[in-house]
Amino acid sequence: MSSISIAMATYNGGRFIGEQLESLAAQTVKPAELVITDDSSTDNTLEVVRAFAAKAPFPVRIEKNEDRLGYRGNFMRAANLCNSDIIAFCDQDDVWRPHKLEKMLKLLEQPDVLLAFHDALAVTQSLEVLSPLGIQSAPSHLNPHQTISPWWYGLGFTLVFKRSLLDYTQFWPLSADFFKPQEREAHDQWFYFLASCLGSITYDDEPLVFYRQHTTNTEGWKPSGGALNRLKKMWSVDTLSLLRERGTGAGHRAVVMEKISQASSGPTAERASSAAKGYSKLAEGYTRREAIYTGPTLGVRLKAFGTAHDIGAYQRPWAWGVGGKEGLRDLIRGVLFPRKSA
């Protein structure tokens with residue numbers, strides 16, 4: 001069985017981190033190491049961590065950042081300090097079920113699989129169950145390269161991946177978070193992106209983590225609110241801004257995959273080249289769709305919609321499109337009933 005490292009990024013997590021650490025110690029398969037990078041906490045986080053390290057049933061490495069990196073840089077640093085064949089991301093405030101690592105390691109034994117992830121349970125700060133996170137699932141148990149929607153990803157604490165993905169860390173500065181293009185991709189977006197382009201991703205629908213919700217979550221779970229609320233959200237979103245954010249993200253991903261293709265050989269180079277072309281096509285689709293929402297007349301907007309359709313912008317997501325629902329939204333909100341502010 002391959003060795004596994006746990007990469008934990010911490011910042012002012014003293015309130016809940018002790019319970020998380022104990023759940024790591026209770027794993028049926030113990031990690032080879034726990035690597036903790038602390039982003040200059042001002043509470044008792046390091047005190048709790050050091051006390052745990054003194055009694056832990058595995059080595060614990062603690063690195064304190066001299067300067068604040070933010071959660072993106074902190075998780076990336078933690079991952080790159082790990083030494084094992086397999087790396088599991090870990091948040092500071094959750095609780096793991098005892099067989100999480102054992103189950104994920106078995107999934108990663110499958111040929112061509114670069115990343116495995118799982119479902120989780122959103123819980124209150126006292127661990128009362130709120131809801132499964134099924135919305136973060138994958139289309140199938142096993143998903144070959146470039147068969148998952150380009151913007152899909154699993155939450156960081158559910159991801160376990162092969163060390164080979166760290167070979168591309170040098171290209172991370174070229175990435176752009178597709179929610180906040182001024183930032184680099186978050187660790188979960190980045191590794192899921194790499195794995196989905198270059199290998200297979202496997203998913204387990206068993207909830208293996210209690211995902212604690214509290215007032216200081218960096219990112220948190222929000223209930224969907226039902227079909228009506230989802231529909232309202234879909235039609236109220238600032239579509240033009242979303243198109244620009246996704247277009248920027250797709251363009252950056254195309255550059256990253258082209259760089260990987262040039263630096264690789266064999267199947268990896270071929271897959272990266274294919275993904276670079278796919279993301280370039282996706283970026284062009286977003287650019288064409290922007291013209292729908294900025295067109296001054298019905299004729300101009302209708303022509304822009306036709307152009308977007310003709311280049312395949314509304315193909316299914318795994319065919320480097322965005323799907324028919326986005327096409328319907330563009331037709332209604334962009335062509336027929338545009339906002340005056342657009």
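Modeller: A salt bridge is a side-chain nitrogen of Lys or Arg within 4 Å of a carboxyl oxygen of Asp or Glu. Asp112 and Arg271 meet in one, at 3.0 Å from N to O. This is a predicted model, where local features need pLDDT of at least 70, side-chain atom pairs count only at pLDDT 80 or more, and totals for chains, interfaces and linings use all residues. Residues are numbered from 1 along each chain as its sequence is written, and side-chain values use heavy atoms, with hydrogens and water left out.

Colleague: Where do Asp112 and Arg271 lie in the chain?

Modeller: First, the general idea: helices (H or I, at least four residues) and strands (E, at least two) are DSSP runs, numbered from the N terminus. Asp112 is in the loop between helix 4 (100-107) and strand 6 (113-123). Arg271 is in helix 8 (residues 266-294), and the two residues are 159 apart.

Colleague: Is Asp112 buried or partly exposed?

Modeller: Buried means under 20% relative accessible area, exposed over 50%, and partly exposed in between (1.4 Å probe, protein chains only). Asp112 has 35%, so Asp112 is partly exposed.

Colleague: Which parts does the salt bridge between Arg289 and Asp330 tie together?

Modeller: The closest N and O atoms of Arg289 and Asp330 are 2.6 Å apart. Arg289 lies in helix 8 and Asp330 in helix 10 (residues 324-336), so the bridge ties parts 41 residues apart in sequence. Salt bridges with shared partners join Arg289, Glu326, Arg329 and Asp330 into one network. Arg289 is buried at 1% relative accessibility. Asp330 is buried too, at 0%.

Colleague: How many salt bridges does the structure hold?

Modeller: The structure holds 16. Another of them pairs Arg61 with Glu33, the closest N and O atoms being 3.6 Å apart. Arg61 is in strand 3 (residues 60-64) and Glu33 in strand 2 (residues 33-38). Arg61 is partly exposed at 25%, while Glu33 is buried at 6%.

Colleague: What does the side chain of Gln189 make a polar contact with?

Modeller: A polar contact is a pair of N or O atoms within 3.5 Å; within protein, one must be able to donate a hydrogen and the other to accept it, and residues adjacent in sequence count only if both atoms are side-chain atoms. Here the partner is the side chain of Asp177, at 3.3 Å. Gln189 sits in helix 5 (residues 187-198) and is buried at 2%.
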